Amino acid sequence: MNLNLSTYKPKLLYLDQDSGLRERFVSFYSDVFDVVPFGYVSLLDSHDGCSFDAILADFGSENTPGKLVKTLQAIYPGKPIFIITGSDGAEETGEAFSLGVQDYFIKNGKSPGQKNRIFNSVMR
């Protein structure tokens with residue numbers, strides 16, 4: 001497969017229950033990724049047939065963080081999962097890493113570094 005990195009846009013599943021945040025993150029990430037936004041409930045109903053290169057999920061869901069990560073790993077085995085959270089709590093991030101999450105980001109901290117870390121993980 002010939003991959004042109006200057007035009008390739010990995011498909012990023014973005015999960016967040018807050019539709020306003022989903023819109024902002026789609027705007028922020030869409031220059032590098034083909035972003036597909038979902039709320040948590042819609043994910044379980046419509047994941048069949050979808051293929052994603054990476055997943056960015058809000059850690060503050062209605063599910064426990066562990067259940068969220070395990071569910072995503074079951075649906076999309078082997079795909080890198082990144083967590084976005086509203087806090088920088090060590091307990092939350094420690095739990096995320098112990099479950100195999102690639103990295104985590106703070107919701108307010110949008111930076112090009114986030115895009116690069118996700119992109120580089122997808123390209124490995």
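Helices (H or I, at least four residues) and strands (E, at least two) are DSSP runs, numbered from the N terminus. This is a predicted model, where local features need pLDDT of at least 70, side-chain atom pairs count only at pLDDT 80 or more, and totals for chains, interfaces and linings use all residues. Residues are numbered from 1 along each chain as its sequence is written, and side-chain values use heavy atoms, with hydrogens and water left out.

**Exercise 1. Work out in what order the strands form the open sheet, and find its edges.**

Step 1: Start with the pairing rule: two strands pair if DSSP finds at least two bridges between them.

Step 2: Follow the pairs across. The 5 strands come in the order 2-1-3-4-5, with parallel pairing.

Step 3: Look for strands that pair on one side only: these are strand 2 (34-38) and strand 5 (103-106).

Step 4: Zoom in on the bridges. Strand 3 (residues 54-58) and strand 4 (residues 81-85) are joined by 4 bridges, and A57 has I83 as its bridge partner. Strand 4 also pairs with strand 5 over 4 bridges, where T85 is partnered by I106.

**Exercise 2. Is D58 buried or exposed?**

Step 1: Locate D58: it sits in strand 3.

Step 2: Recall the cut-offs. Buried means under 20% relative accessible area, exposed over 50%, partly exposed in between (1.4 Å probe, protein chains only).

Step 3: Compare. D58 has 6% relative accessibility, so it counts as buried.

Step 4: List what D58 touches, not counting residues up to four places away in sequence: L15, D16, Y40, L68, I84 and K107.

**Exercise 3. Which residues have the most contacts inside the largest nonpolar core?**

Step 1: Define the core: a set of buried Ala, Val, Leu, Ile, Met, Phe, Trp, Tyr and Cys residues joined through side-chain atoms within 4.5 Å.

Step 2: Read off the answer. This core has 17 residues, and L13, L15, I55, A57, L72 and I83 have the most contacts inside it.

Step 3: See who contributes. Helix 3 (65-75) is among the elements giving two or more residues, and helix 3 gives the most, with 3 residues.

**Exercise 4. How are the rings of F25 and Y29 arranged?**

Step 1: Know the rule. Rings of Phe, Tyr and Trp (its six-membered ring) pair if their centres lie within 6.5 Å; planes under 30 degrees apart count as stacked, over 60 as edge-to-face and the rest as tilted.

Step 2: Apply it. F25 and Y29 are 5.8 Å apart centre to centre with 20° between the planes, a stacked pair.

Step 3: F28 and Y29 have ring centres 4.9 Å apart and planes at 85°, so they are edge-to-face.

Methods. Contact means heavy atoms within 4.5 Å.
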